[in-house]
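Subject: Structure handover

Hi,

Here is the structure we talked about handing over. Please load it first; my notes follow below.

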Amino acid sequence: MIRHVRLLAVAAALALALSASPPAHAEDGGIAWSVQTGDNANGTGRANFAYTVDPGAVVSDTMIVVNTGTEPLPLSVYAADAFTTASGEIDVLADGTPSQDAGTWVSVERTGLDLAPGQSAEIPFTLTVPADARPGDHSAGIVTSLTSRDAASSLSVERRLGTRITVRVAGDLVPAASITAVTARYEGSWNPFESGRVVVQYALQNTGNTRLTGVEALTVDGIAPAAAARTQLPEILTGSTIEVTREIPAFSLGWLGGRVAIEPEGVGLGAGVVAPLVAEYGVVAPPWSLYALIVAVIGGVVVLVIVARRRAAGRRSTTDTAEARDPEVAQAI
């Protein structure tokens, strides 16, 4: 399920949430509604709409919308392409943004709803897969949208709630991915006896024709080699790219290197696995606090040596003066 709030005046999209099970809810004061999949020949109790079809297939299905609030609810309804955002969330194109893929395959029977409190409505839709559709996964969403004016400002607020549609078109499944834009920087600690940290950033792009996930392993070499906990990556829709930032503790004397290793895996039955991806990095990593401590220690040693030499020179000077004043004392000495 998809939840989304957007400030139209500044076109700022807030976080979109993906629910694992129906129904999904949107709530703001007396305004609240839910959406869920309809139970029919396509399935019952479904978390979202998912189809495995041949090119040219036509599928009819239904989404159910319920006004669970206390206010009348005027909603617009539309379908649009879905994608994975850079932060790893599933989103759909805003209304008015042209779709290029599965969003164009979905025809919604009702593009507007007026629901009284407690009222529900069915939204029939038809999915028409082109005869020349590319094999693999295609993603879209059916969205219900409420636009209202914020009384405290001049902004219009759009609240969106919808359900994902995943279409797997029969044919060869070729999951693939690539790592790009790998960068690293070192952030030292003020305490010379504590480790600093390496901050690694990279982009992971789904270049295949299936949805993709994977497991990440980040390592750093150095005085005390370290490895971060293996991390499960989010689902990446076809053609989408996520941007990842990770941190790992590290001791350094001036230079650190390491690697990002990804074990990609296609999502869905028969999607298969992808050959592991490895990207190496290196970063200048001066531990300034350690350098400062070393300089302070060396400086302290130098000061002690100078003081000791001056004291020794002072004693020699005193002895030489005594010898010059009293030759007998000097002879006795």
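Helices (H or I, at least four residues) and strands (E, at least two) are DSSP runs, numbered from the N terminus. On that basis the protein has 2 helices and 22 strands.

Two points on conventions. This is a predicted model, in which local features need pLDDT of at least 70, side-chain atom pairs count only at pLDDT 80 or more, and totals for chains, interfaces and linings use all residues. Residues are numbered from 1 along each chain as its sequence is written, and side-chain values use heavy atoms, with hydrogens and water left out.

Overall

The protein has 333 residues, and 40% of them count as buried. Buried means under 20% relative accessible area, exposed over 50%, and partly exposed in between (1.4 Å probe, protein chains only). Contact means heavy atoms within 4.5 Å. Among contacts between residues at least 6 apart in sequence, 70% join residues at least 24 apart.

Cores

A nonpolar core is a set of buried Ala, Val, Leu, Ile, Met, Phe, Trp, Tyr and Cys residues joined through side-chain atoms within 4.5 Å. The largest one has 32 residues. Tyr 51, Val 65, Ile 165 and Val 167 touch the most other members. Leaving aside residues up to four places away in sequence, Val 167 touches Tyr 51, Val 53, Trp 105, Leu 127, Val 129, Gly 136, Asp 137 and His 138. A second, separate core has 24 residues, including Val 198, Leu 212, Val 220 and Val 274.

Aromatic pair

The whole structure holds 1 aromatic pair. Rings of Phe, Tyr and Trp (its six-membered ring) pair if their centres lie within 6.5 Å; planes under 30 degrees apart count as stacked, over 60 as edge-to-face and the rest as tilted. The partners are Phe 49 and Phe 125, with ring centres 5.0 Å apart and planes at 75°, so the pair is edge-to-face. Phe 49 sits in strand β6 (residues 49-53) and Phe 125 in strand β12 (residues 120-128), so the pair ties together parts 76 residues apart in sequence. Phe 49 is buried at 0% relative accessibility, and Phe 125 is buried at 2%.

Salt bridges

The search finds 12 salt bridges, each a side-chain nitrogen of Lys or Arg within 4 Å of a carboxyl oxygen of Asp or Glu. In one of them, Asp 61 pairs with Arg 46, the closest N and O atoms being 2.8 Å apart. Asp 61 lies in strand β7 (residues 58-67) and Arg 46 in the loop between β5 (31-37) and β6, so parts 15 residues apart in sequence are tied together. Asp 61 is buried at 2% relative accessible area, and Arg 46 is buried at 10%. Another salt bridge joins Asp 221 and Arg 259 (3.1 Å, N to O). Asp 221 is partly exposed at 34%, as is Arg 259 at 28%. Asp 137, Arg 164, Arg 168, Arg 211 and Glu 235 are linked in a network of salt bridges.

Strand β22

Glu 280 is in strand β22 (residues 277-284). Glu 280 is exposed, with a relative accessible area of 62%. Its contacts include Arg 259, not counting residues up to four places away in sequence.

Best wishes
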